[in-house]
Structures are given as structure tokens and as C-alpha cells.
Amino acid sequence: MYMGNRENVPDHADMVAFAQELKGAGATLVDTGFYPGGHNWRLWRPHIPHMLVWAGEGFRWAENGYRA
């Protein structure tokens, strides 16, 4: 879970609390990070390649019959 450090809805504490809830419910792949900027394309455009790699991993899991 990632967000810009100038976003305020949700705020940083909300995101960290949500990550802790997910971990408490048994999630094992929860990570958080803050990038400089707000919630806009100027912030996210440089991270699109990483997001596509992450999404591609989901397709590989589906090909292998992974079910949550």
C-alpha cells in the first residue's frame, strides 16, 4: 500500500492502521510506503512499471491455479 506524503484523505495513520488490520487478519504480503507528492499522475507515472510487474505476478498465480 503506497500513497503520496501530501495526501490527507486517508491520512498516513489511516493507511498504517489498515495495514495492521490486514496483517492481524492473516495477510502476509502487506507493505506500506510513502512517496513525495500528492495523489496525481505526476507522482504515480514513474511507478507504473513497478505496478505492472506486480499486476503481472497476479496473472502468473492465476495461470497456476492459485485461489485465495
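## Aromatic pairs

The structure, a predicted model, holds two aromatic pairs, where rings of Phe, Tyr and Trp (its six-membered ring) pair if their centres lie within 6.5 Å. The rings of Y2 and Y35 have centres 5.8 Å apart and planes at 40°, so this pair is tilted, the word for planes that are neither under 30 degrees apart (stacked) nor over 60 (edge-to-face). Y2 lies in strand β1 (residues 2-4) and Y35 in strand β2 (residues 33-35), so the pair links parts of the chain that are 33 residues apart; strands are DSSP runs of E, at least two residues, and helices runs of H or I, at least four, numbered from the N terminus.

The rings of Y35 and W44 also pair, with centres 5.8 Å apart and planes at 85°, so they count as edge-to-face. W44 is buried at 12% relative accessibility, whereas Y2 at 43% is partly exposed and Y35 at 25% is partly exposed (buried is under 20% relative accessible area, exposed over 50%, partly exposed in between, with a 1.4 Å probe and protein chains only).

## The surroundings of E7

E7, in the loop between β1 and α1 (12-24), touches H12, G37, G38, H39, L43 and W44, not counting residues up to four places away in sequence, where contact means heavy atoms within 4.5 Å. The backbone nitrogen of G4 lies 2.6 Å from a polar atom of the E7 side chain.

## Basis of the values

Residues are numbered from 1 along each chain as its sequence is written. Local features need pLDDT of at least 70 and side-chain atom pairs count only at pLDDT 80 or more, while totals for chains, interfaces and linings use all residues, and side-chain values use heavy atoms, leaving out hydrogens and water.

How values were computed:
A polar contact is a pair of N or O atoms within 3.5 Å; within protein, one must be able to donate a hydrogen and the other to accept it, and residues adjacent in sequence count only if both atoms are side-chain atoms.
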